[in-house]
Amino acid sequence: MLDFIYYPVSAILWFWHQAFGYVLGKNSGFAWALAVVFLVFTLRLVLYKPFVKQVRTTRQMQELQPQIKELQKKYKNDRQQMTVEMQKLQKEHGFNPLMGCLPVLLQVPVFLGLFHVLRSFNRTGTGIGQLGMSPYDNAHTPNYIFSAGDVQSFLTARLFGAPLSAYITEPAKVLESFADYGGVPSKLVIALVSIPLMVIAGVATHMNARASVERQSAEAAANPQAAMMNKMALYVFPLGVLVGGPFLPVAILIYWVSNNIWTYGQQHLVFRKIGKEEDEKKQAALERRAQNAPKPGAKPVDVRKKQSATKVEDADTESVEDAPQSSQNGAKPSPGAKPAAGKKRSGNRGRANQKRRR
């Protein structure tokens, strides 16, 4: 049903295994482990732009938090109108709250796809999603884009003595399927490899959450919902890695560690870049304000007086241009006639003539 996820994930994993297997050996556990790591890096690189958009959206929402609170307070008894006003606010500032969680949502199917592909290297189990195949049939059945030879290579590979698809709570019957491919591993060896990875993954998850919380504004952190999510990210999620680690294959734990390492580096890079852009915008705004400000010692110019004087001069000029043609030929102008063109009068004399006419 999710083949559109399984095949791309297995193709990327296959590519990196071919690259590292060429150097380290096809059956090397480090080659397979590095293939998993660079699978994560490849997918996170694809999701880089959505991540930047997520950061920008989060910062915009923090800046608009006071306005959002005002709308919530104003329309607390009218949910429909509150939704309309919130949509207007989002449209005015050009951001979509969905972008704030899009990268996380996109990583979920990737995680599930990788979990399924790695688990499908050993299909001898009888649990959910397992086929209950015999060790021989499993080793000679392709796994999506991987050939039967690749399946046997994965079963043979060891990382410090532990198969990459094995986990601490794996049934003994399933572990026996490794007998012809590197020998049956002990649960102690699997635990000695898995537990350090679990601890590193939990600590890395906590550190990433802490870095994200420290960058929140005081208004956003004071929000009860945000405070609850912060506590979950700081303590519940890292604890979840430790609790769920015994049920996860070694390769998935490697995925978790490498994903957190990428997140930690990417966060610092993106936040530094966005912070630099905001500082440059503020500096440019200050420079424009300094250029428009009057120089020290200069008298401020009243723009309204200058505009009114210009209008009066334009009116006098038009009245002069409309003088009778006879005055230009030497004839005496008739009483009340306008002066000939070419003789401009000052704005004050024009006002005096207007008074006499009245």
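**Close-up views of a predicted helical model**

Figure 1. Val151 lies in helix H8. The model shown here and in the following views is predicted. With a relative accessibility of 0%, Val151 counts as buried. Leaving aside residues up to four places away in sequence, Val151 touches Phe121, Arg123, Asn138, Ala139, Thr141, Pro142 and Asn143. One of these, Phe121, is 30 residues from Val151 in sequence, and the C-alpha atoms of the two are 5.8 Å apart.

**Figure 2. The protein chain as a whole, for orientation.** The protein chain has 16 helices and zero strands. Of its 358 residues, 37% are buried. Contacts between residues at least 6 apart in sequence join residues at least 24 apart in 66% of cases.

**Figure 3. The aromatic pair of Tyr7 and Tyr144.** A pair of aromatic rings is described by the distance of the centres and the angle of the planes. The count of aromatic pairs in the model is 16. One of them is formed by Tyr7 and Tyr144, with 5.2 Å from centre to centre and 90 degrees between the planes, an edge-to-face arrangement. This pair links distant parts of the chain, with Tyr7 in helix H1 (residues 3-24) and Tyr144 in the loop between helix H7 (135-139) and helix H8 (148-156), 137 residues apart. Tyr7 has a relative accessibility of 41% and so counts as partly exposed. Tyr144, at 25% relative accessibility, also counts as partly exposed.

Figure 4. Most residues other than glycine have a negative phi. Tyr144, in the loop between H7 and H8, has a positive phi near 55 degrees and is not a glycine. Phe160 is likewise not a glycine, and its phi is positive at about 55 degrees. The place of Phe160 is the loop between H8 and helix H9 (172-175). What is the relative accessible area of Phe160? The value for Phe160 is 63%, so this residue is exposed.

**Figure 5. The contact between helices H1 and H2.** The axes of H1 and helix H2 (residues 29-46) come within 8 Å and cross at roughly 135 degrees. At that angle H1 is oblique to H2. The crossing of H1 and H2 is right-handed. From H1, the contact is made by Val9, Ile12, Leu13, Trp16, His17, Phe20, Gly21 and Leu24. From H2, residues making the contact include Phe30, Trp32, Leu34, Val36, Phe38, Leu39 and Leu43.

Figure 6. H2 and H13 pack with their axes 9 Å apart, at an angle of about 40 degrees. The two helices are therefore oblique to each other. H2 and H13 make a right-handed crossing. On the H2 side the contact is made by Ala33, Val36, Val37, Val40, Phe41, Arg44 and Leu45. On the H13 side, Ala251, Ile254, Tyr255, Ser258, Asn259, Trp262, Thr263 and Gln266 take part. Phe41 and Trp262 also belong to a cluster linked by ring pairs, together with Phe15, Trp16, Phe20 and Phe38.

**Figure 7. The contact between helices H10 and H13.** The axes of helix H10 (residues 187-214) and helix H13 (residues 250-292) cross at roughly 25 degrees and come within 9 Å. H10 and H13 are roughly parallel to each other, because angles under 35 degrees count as such. The handedness of the H10 and H13 crossing is left-handed. Among the H10 residues in this contact are Val193, Leu197, Met198, Ile200, Ala201, Ala204, Asn208 and Ala211. They meet H13 residues including Val250, Leu253, Ile254, Trp256, Val257, Asn260, Thr263, Tyr264 and Gln267.

**Figure 8. Pro109 within a helix.** Pro109 lies in helix H6 (residues 102-119). Its relative accessible area of 27% makes Pro109 partly exposed. Pro109 and Tyr6 are 103 residues apart in sequence, while their C-alpha atoms are 9.3 Å apart in space.

Terms used. Residues are numbered from 1 along each chain as its sequence is written. This is a predicted model: local features need pLDDT of at least 70, side-chain atom pairs count only at pLDDT 80 or more; totals for chains, interfaces and linings use all residues. Side-chain values use heavy atoms; hydrogens and water are left out. Helices (H or I, at least four residues) and strands (E, at least two) are DSSP runs, numbered from the N terminus. Buried means under 20% relative accessible area, exposed over 50%, partly exposed in between (1.4 Å probe, protein chains only). Contact means heavy atoms within 4.5 Å. Rings of Phe, Tyr and Trp (its six-membered ring) pair if their centres lie within 6.5 Å; planes under 30 degrees apart count as stacked, over 60 as edge-to-face and the rest as tilted. Axes are lines fitted to C-alpha atoms, for helices over the stretch in contact, and angles run from 0 to 180 degrees between N-to-C directions. Angles under 35 degrees count as roughly parallel, over 145 as roughly antiparallel, 65 to 115 as roughly perpendicular and the rest as oblique. A crossing is left-handed if the near helix is turned anticlockwise from the far one by less than a right angle, and right-handed if clockwise.
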